[in-house]
Amino acid sequence: MPEITITDTDQRRAEDQILDVREDFEVTEGMIPGALHIPMGELNTRLGEIDRARPGIVICRSGNRSARVADALTGAGFTVDTMAGGMIAWQRAGLPVT
């Protein structure tokens with residue numbers, strides 16, 4: 001599964017769809033502005049909320065769950081990457097959160 005850097009994600013987030021697959025309690029610590037939050041466990045029932053026409057970037061806390069979700073989404077016909085380091089790396093770099 002292709003992994004992209006936090007810098008690449010920051011540059012692409014205006015055009016690409018950001019999918020945050022962390023749990024509800026994790027997103028209270030901050031999300032990437034404009035991200036769509038669908039916890040990993042709800043993905044199958046909420047696939048219709050994801051725009052198939054737009055490339056996506058899947059993120060989680062550290063990069064482990066997002067890689068599994070990205071594999072599943074790719075298998076379902078979506079075009080997605082995963083962000084290396086997850087939200088831990090994003091926040092350490094001082095990038096924006098809501």
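So, the Rhodanese domain: the UniProt record, an unreviewed entry, puts that annotation on residues 12–98. Keep in mind that what we're looking at is a predicted model.

Okay, let's go to strand β5, residues 80–83. Which way do its side chains point? Val-80 and Thr-82 go one way, while Asp-81 and Met-83 go the other, and all of them are buried.

Now, who are the partners of β5? One is strand β1, residues 3–4, which pairs with β5 in the parallel sense over two bridges. If you want to find that pairing on screen, look for Glu-3, which stands opposite Thr-82. Another is strand β4, residues 56–59, also parallel to β5, over three bridges. There, Ile-57 stands opposite Asp-81. To get from β4 to β5, the chain passes through helix α4, residues 64–75, and this β-α-β crossover is right-handed.

Is Arg-65 buried or exposed? With a relative accessible area of 18%, Arg-65 is under the 20% cut-off, so it counts as buried.

And what does Arg-65 touch? Leaving out residues up to four places away in sequence, the list is Val-21, Arg-22, Glu-23, Glu-26, Met-40 and Cys-60. Take Arg-22: that residue is 43 residues away along the chain, yet the two C-alpha atoms are separated by 8.1 Å. With Glu-26, the Arg-65 side chain makes a polar contact, side chain to side chain, at 2.8 Å.

Key: Residues are numbered from 1 along each chain as its sequence is written. This is a predicted model: local features need pLDDT of at least 70, side-chain atom pairs count only at pLDDT 80 or more; totals for chains, interfaces and linings use all residues. Side-chain values use heavy atoms; hydrogens and water are left out. Buried means under 20% relative accessible area, exposed over 50%, partly exposed in between (1.4 Å probe, protein chains only). Helices (H or I, at least four residues) and strands (E, at least two) are DSSP runs, numbered from the N terminus. Two strands pair if DSSP finds at least two bridges between them. A crossover is right-handed if, with the strands pointing away from the viewer, the path from the first strand over the helix to the second runs clockwise. UniProt positions are given in the numbering used here, feature names are shortened, and annotations may be inferred rather than shown by experiment. Contact means heavy atoms within 4.5 Å. A polar contact is a pair of N or O atoms within 3.5 Å; within protein, one must be able to donate a hydrogen and the other to accept it, and residues adjacent in sequence count only if both atoms are side-chain atoms.
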